[in-house]
Amino acid sequence: MSFKKFDQQTFIIDTANAYTNRQISKRDFLRKMGTAGIGFSAFGLGMLGNPRGLRQGSMLGTQAYAEGLPDDQAKWLKEVGSKFKGAKIRYSTEATPPSVVLNQIKKEFTDPTGIEVEVEIVPLEQVLAKATQDVQGQLGSYDLYYLDQSWISQFQPDCIDPVAYYKDKPELAMPNFDWDDFSKPLVDNIAKVDGKWMGIPFDIPIFTLMYRKDILEKHKIAVPTTYEEFLAAAKLITEAEKASGVFGTGLQAKSGHYSLECDWSQAVWGHGGSIFNKDKKFSGNDPQGIAGLKWYQELLKYAPPNSTASTWDGQFEMMHSGQVALVQSWDEFFPGLDADDSKVRGLWEPAKPLTAKVLRPASEAGFDEQPNLGHQGGSCISLSKYSKNREAAWIFMQWGCCKEIMTRCTLIGGFAPMRNSSFADPRVKAKAKVGAGTTRHLDTVKWIIDNAMATEPHMPLWAGFSTNEIPTELGKLLTGQEYNGDPKKCMDVLAAQIDAKVKDAGLL
Amino acid sequence: MVSQHLRALAVDAPAPRRRRAWPQFLTSEHPFPWLAPITAVIVAFGVYPLLYALWLSFFKRNPVTRINVFYPTWNWGKLLTDDRVWGAIGHTYLYTIIALVIELGLGLAIALLLDSDRKGYGLLRALMTLPLVVPPAVTGMMFLLMLDGSFGVLSMGLVSLGLWSPAHPILASSGSALAGVLLADIWQWTPFMVLIMLAGLRALPKEPFEAAAIDGATATQAFIRLTLPMLSKIIAIAVLIRGVDLFRIYDYVKVMTDSGPGTATETLTSYAGTIYFKNADFPYASTISLFTLFLVIVTSSIFIKLFKVQF
Amino acid sequence: MQESFLQKRLRDVAAVLVVSLFMFPLFWWALTSFKPTSAIFDKDGIVWFNFKPTLVNYAVTMLGKSRAELAIDSGNTFGVGGASSYDSRQTIIDSLIVAVGSTAFTLLLAVFAAYALSRMRFRWRQAYLNWILSQRFMPPIAIIVPVVFMFHYLSLGDTRLGLVIVDTLINLPIAVLLMKSFYDDVPVDVDEAAMIDGATRLQIFWCVVLPMVKGGAAATAVLCFIFSWTEFLLSLFLTNSIRTLPVKITTFVTSTGSEWGFIAALGTTAVIPSFIFILLVQKQLVRGLTLGSLKE
């Protein structure tokens, strides 16, 4: 199920347990339930005699886990923020955990500052479409953009450099924001284009290996560490478990969707290839690229047939319902697998991504592409040049990305944080056990971010290529519509298309 | 004012020439004031955007600088050589024709079935209109769930009946994806045809049928020789309206398959959508849409002339 | 033609079977709205009835409850907290406002225009009619970009008024052609009789003819309402904070799974207003669907 359940679940369970074990009084129990947004109004809370009021947050889980913003930041928020009281800022985002959590706790921002925040949560394709429309006409309908890393090159001209802005406007700067705390690889690959900042890293779904330890034990398979081992293991499991309908692996191979492009590019990188070579030509059709594609085609045989109609949420469903045993995909899935009503609770384990025999060095790849082991799908949050409420939006952006709030988001959702301090925070480490909102995969994720993060090329046409041309042709190949299963034909066609467009745009 | 007219008209003589208070085209006798508001709305929000889209189609977009350069033949030339466009045209026509034939046939058959005054048939006819009021985007999601390769009730049903292999999920196999999308459309719009046919059937005069019965004609003969010809005018209009809508189909394809697998279900409007939203190439997307409009106008004009449709 | 007893029974059975077949998806959909997720996605088989029915999906979408509240109530512990972005009450209200608004506006424009087209003969009448019909041929995609920019400059972007205008534009062709056919049904003698009695054109229209086409106007209203209620593409791109129903439903797809339970609940609820409308004006509806060519 969606990650959203864990936050509330965990808090309620913990509190209920505490009450049952007589660790807290009935009054405390009711008060905590109240802060979780259940039944009681603020007035009622007041009646129950909550002396601290709701300063420290009125939403889920926060009272149990939160320590509130540090005093200097809270003071800044109130003083500087309330200058813009009454402003309304808006941003459009995909329903990834950090955004959803921010949407839930935004009241903590609105209360001291009086700035209203409206978060429009839509599927990823719509986010791109609406952002594109907005910048085309410089409409300013959004104050902040949520930009997937594959689009940042395209939108860079429309965003304000946050670090420069921070320096230029000290009167609006949040004290102790600590820019250096952000994980450097994330900054370089999600928030910078051509060495210039254009946003603040916001979320980092990244490929990691995940496996069902019970199924692997049952068939006495060791956790695969190479692409060949993975294929062999998937094959074994699928054949052995034919009767019970369990498959070795599940893929997000939906035709024409970005998810297929992600799977494909990882396969290519893992076989020593890259998407563009250093001459800025498409190189998915060179021997390494073909080897990767062939591997993927082979893998598809051992995945549920529905893979070619599934994006990441279909893949998650396969994992969650117990249909598959081994997956190399987004780490964001992990907390959801441990949810309370999950059939597979506690059965999935994280592992480092598969290793490649040889990786193509970044110097051999074009457009700042970084072939590596863990495909990242991170996003940043950016301030729009066309925003009509620039200062108010800037204040919200700083608040949303400050240490405390980002750590809190991780606590609530169990997903990988952007800041090194969040990784090290004791509250986060405390949740590294099986259960909703678990953080037990975060050590693996941090390792991947620091050592094995792979990034797609950054160029203005990439958003289109990765969501249209590439997954469409791949889809034709994988579903048998064209090319007769011949990967070279498919890649050659794609190369022709892409090279022509790149040349035409004058980027060669 | 009324009495003035009265005096003028009551005498059966040509009315004296009055000096008009308003110029003629503003009086309520002239169509102008009646049509002006609606014409204004259509021109402002229908014609102007269309002209803008046409103007846009003559520009070539530079994705790096985002500036559009005047280059009239770029997009139109691209259109004619783009394989996907021709594939889309094929799919669009295929989809339209198959859907029309099935919806018409089924619609007529079901109308004949439900055309009875017995008890309960009224309720059956009312229930039959339900599919029409579901938003197409919702219908798409409904069928997406039901046709899901692993968990869908329809897929599982077909598999357990041995009619379908689980290795080829319906919406993910290029051969059957179009059929899956068609299923949603047929479910939603056959009731439309049913309603129309029903009305047509109910308006048929009884005499010819009674005469035919006396002459000893069978039910089938009466149907072919009498019913069909008398319904032809209605059928023609229904086909025109439904056909135009089918040609512009977007919701089902977008929600269920997103033009996939590969491009097996890509129609003209869904391709325009892809170019618009994913590649942000607005001029080219405009070109494709205008081309679609052009095809619709041509095809329907041919149809109207051929079948002498009147409205 | 007289039917034998057997034929009658066969027909009854067939009729019920066919209608049931068409009702099945709706039934399944409504059933899904009461299922917890584990019953929706069971890989081992179709879950018909052996699941614990839950009202969670409706409570979250219709009553804006957070799952946490219900968790405490029911003793289950699945939860989502805080302001539920699945709360769809505002969405239903917005969709209703836009649909009713555009229906009213469309009718207003159409009744006048259609009267003129029916009663007055002028040279370019047929051409004008063709032009109006051709508006229906336009794929909405073609006009998105210009309309978005236009609305932005007119400050109509993200407003209900903007949506009303767009929906009206799309409904006008059908409304005009339809109303015209209803007016055509009213014999011109009525007009002439009133004219002899001394009424002006406007009075004839307002006091005499219009009341006679009330039924037709009702049918037109229903069609306009249905269209506006179900419109997706333009509503998606012309609004940010205002969500109409079809758009809202597509936002239930998240990066970690689509919330099918909520989709089903909202979808089932979406059917109700339109259906009520249809029941009220069933007879005239058919007339509407055939552009009035059918004299009933």
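What follows takes the cysteines, then the salt bridges.

This is a predicted model. Start with the cysteines. A disulfide is a covalent bond between the sulfur atoms of two cysteines. Over all chains, the count of disulfides is 0. C401(A) is in no disulfide. The nearest cysteine sulfur to that of C401(A) belongs to C402(A), 8.1 Å away. A disulfide needs the two sulfur atoms within 2.5 Å. C409(A) has its closest cysteine sulfur in C401(A), at 9.1 Å, which is too far for a bond. C401(A) counts as buried because its relative accessibility is 0%. C409(A) is also buried, at 6%.

Now the charged pairs. The structure holds 37 salt bridges over all chains. One of them joins K130(A) and E120(A), with 3.2 Å from N to O. This pair links distant parts of the chain: K130(A) sits in helix α8 and E120(A) in strand β2, 10 residues apart. Both residues, K130(A) and E120(A), are buried.

A second example stays inside one helix. D188(A) and K184(A) form a salt bridge at 2.9 Å, N to O. Both lie in helix α11 of chain A, 4 residues apart, or about one turn of the helix. D188(A) is partly exposed, at 32% relative accessibility. K184(A) reaches 56%, so K184(A) counts as exposed.

Turn to chain C. D191(C) and R119(C) meet in a salt bridge at 3.0 Å, N to O. D191(C) lies in helix α9 and R119(C) in helix α5, so the bridge ties together parts 72 residues apart in sequence. Both D191(C) and R119(C) are buried. Elsewhere, shared partners join E103(B), D185(B), R242(B), D245(B), R248(B) and R136(C) into one salt-bridge network.

Terms used:
Residues numbered from 1 in each chain as written. Chains lettered and ligands numbered in written order. Predicted model: local features only at pLDDT ≥ 70, side-chain atom pairs only at ≥ 80, totals over all residues. Heavy atoms only, no water. Buried < 20%, exposed > 50% of the residue type's maximum accessible area, 1.4 Å probe, protein only. Salt bridge = Lys/Arg side-chain N within 4 Å of Asp/Glu carboxyl O. Helix = DSSP H or I, 4+ residues; strand = E, 2+ residues; numbered from the N terminus.
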